[in-house]
Amino acid sequence: MSPRKRLVPYREEIEKLLPVFGDILSQRQRACLYRHYIEGLSLSAIGRELGISRQAVLDAVLHGERRLRLLGECVRRAGLGEVPWHQEAPTNAAEAIERLF
């Protein structure tokens, strides 16, 4: 499945998780995910903008996605997913992790 086809189902989840857990990602992962999911840029356009290959962008997106989704799952399993994200969302990764314990 191409990354563009994955954009729609994961966009809402990534948009919620990126501001909270973005500081845990590498700078490249954060930049690629933001440009791909939030700005809607293609992998090729991101690669040109960052001066890296399309494959490097894809790798960063896939690894960043996986990390964010795993962190999101940890939050849900800890019961924090029941709190409406827009009302009482952790403001950063440290706060989210602190709430887990």
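Modeller: Helices (H or I, at least four residues) and strands (E, at least two) are DSSP runs, numbered from the N terminus. This chain has 6 helices and 0 strands. The model is predicted: local features need pLDDT of at least 70, side-chain atom pairs count only at pLDDT 80 or more, and totals for chains, interfaces and linings use all residues. Residues are numbered from 1 along each chain as its sequence is written, and side-chain values use heavy atoms, with hydrogens and water left out.

Biologist: What is the pLDDT of the chain on average?
Modeller: pLDDT is the predictor's confidence in each residue, from 0 to 100. The chain averages 78, and 68% of the residues score at least 70.

Biologist: Where is confidence lowest, and where highest?
Modeller: Helix 5 (residues 85-88) is lowest, at a mean of 47. Helix 3 (residues 43-50) is highest, at 97. Residues 82-87 have a pLDDT below 50. Where pLDDT is low, the predicted coordinates should not be read in detail.

Biologist: How many residues does helix 4 have, and what does it span?
Modeller: The expected span of a helix is 1.5 Å times one less than its number of residues. Helix 4 (residues 54-77) has 24 residues. From first C-alpha to last, helix 4 reaches 34 Å, close to the 34 Å expected.

Biologist: Which residues in helix 4 are buried?
Modeller: Buried means under 20% relative accessible area, with a 1.4 Å probe and protein chains only. In helix 4 the buried residues include Val57, Leu58, Gly64, Glu65 and Leu68. Of the chain's 101 residues, 38% count as buried.

How values were computed: Buried means under 20% relative accessible area, exposed over 50%, partly exposed in between (1.4 Å probe, protein chains only). Contact means heavy atoms within 4.5 Å.
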